[in-house]
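Subject: A structure for you to explore

Hi there,

Here is the structure I promised to pass on to you. Have a look through it first, and then read my notes below.

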Amino acid sequence: MRSLVATPFGPSLVELRHVADPEPDERQALVEVRAVSLNRGECVALRTAEDGWRPGWDLAGVILRPAADGSGPGEGARVVGWVDGGGWAERAAVRTAHLAELPDGVSFETASTLPVAGLTALAAVDMAGNVSGRRVAITGANGGVGRFAIQVAKSRGAHVTAIVTAPDRAVGLPELGADGIEVRLRPVGEPFDLILESVGGSSLAAALARVSEEGSVVTFGNSSNETTEFDPRTFYRRGAPTMRALFVVWELLHEHLGSLQLGMLVDLVARGALRADMDLVKPWDEAGTAIEALLKRGIAGKAVLTIP
């Protein structure tokens, strides 16, 4: 079969090559992949990957062969799923705990955006418990996770402030449910009860100074690649705030997240209660262009590759 693999010394960061077919274990289904979405973490990793490394987490497609243990969807089912690498391929072996079925009304392209970005957004909001009537701030709000998080928090009754790096990156966010927009998170201002923080550096430091006395900061990224320096007194003297870490890959590998939560996201999309913003959809033989655009921060929302 064909797969996208890393080519760090080639003209593009990836190329299509023939590789061995996957050999599913008894808890894995064999999926014919129709669409995948790109995540910044795996694209950044391509810059230093060994030649032939196979990236790919998010995928959607059709079950070719159900899991041998009888779990999960049956042959021919349309599914969305997550794999720990190797998903940018014609076929993938996917643990059934990481699969959810798709209704006919949800396209493969839309579904492929849900695993990493959607589950991160859902889990991050869930960490705060009931957010109804609470003030929620979301940094990196115009990205894939941020756009889902705005919608999830708003649907649960929160007052949502979208934090962006420049005014032009706020386009479309009010339509998703953002009640307010801030350009960069500042350490001084009205406190937030929940801050979803993915920028790191000075942004995380500002979040620790801006959280309410019993609020929470959930950190799940460091897109700035900066270290964070802060005076701990600005945090603990606020009262009893908390800071929590979320690494969605760890949560998936330990099956704290999986089919149940993926199914919830699929249902929200099917009911029109969750929108997946795809800023770029290209055939997978144009993957290099899509990856370059994402790494240069030229994507608002998600980038998707289709596999014929």
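A quick definition to start: helices (H or I, at least four residues) and strands (E, at least two) are DSSP runs, numbered from the N terminus. Please keep in mind that this is a predicted model, where local features need pLDDT of at least 70 and side-chain atom pairs count only at pLDDT 80 or more, while totals for chains, interfaces and linings use all residues. Residues are numbered from 1 along each chain as its sequence is written, and side-chain values use heavy atoms, with hydrogens and water left out.

Let's begin with two loops. Glutamate 255 sits in the loop between helix H8 (248–253) and helix H9 (259–270). Glutamate 255 is not a glycine, yet its phi is positive, at about 60°. Its relative accessibility is 36%, which counts as partly exposed; here buried means under 20% relative accessible area, exposed over 50%, and partly exposed in between (1.4 Å probe, protein chains only). Asparagine 225 also has a positive phi of about 60° without being a glycine. You will find asparagine 225 in the loop between strand E12 (211–219) and helix H7 (233–236), and with 68% relative accessibility asparagine 225 is exposed.

Next, the sheet. Six strands make an open sheet with parallel pairing, in the order E10-E9-E8-E11-E12-E13; two strands pair if DSSP finds at least two bridges between them. At the edges are E10 and strand E13 (242–245), each of which pairs on one side only. From one strand to the next, the twist averages 20° (axes are lines fitted to C-alpha atoms, for helices over the stretch in contact, and angles run from 0 to 180 degrees between N-to-C directions). Strand E8 (residues 135–138) and strand E9 (residues 159–164) run parallel and are joined by four bridges. Alanine 137 has threonine 161 in E9 as its bridge partner.

Finally, the salt bridges. A salt bridge is a side-chain nitrogen of Lys or Arg within 4 Å of a carboxyl oxygen of Asp or Glu, and by this rule there are 17. One of them links glutamate 182 and arginine 210 (2.9 Å, N to O). Glutamate 182 lies in strand E10 (residues 180–183) and arginine 210 in helix H6 (residues 202–210), so this pair ties together parts that are 28 residues apart in sequence. Both glutamate 182 and arginine 210 are buried. Another salt bridge pairs arginine 34 with glutamate 32, with the closest N and O atoms 2.8 Å apart.

Best wishes, and enjoy exploring!
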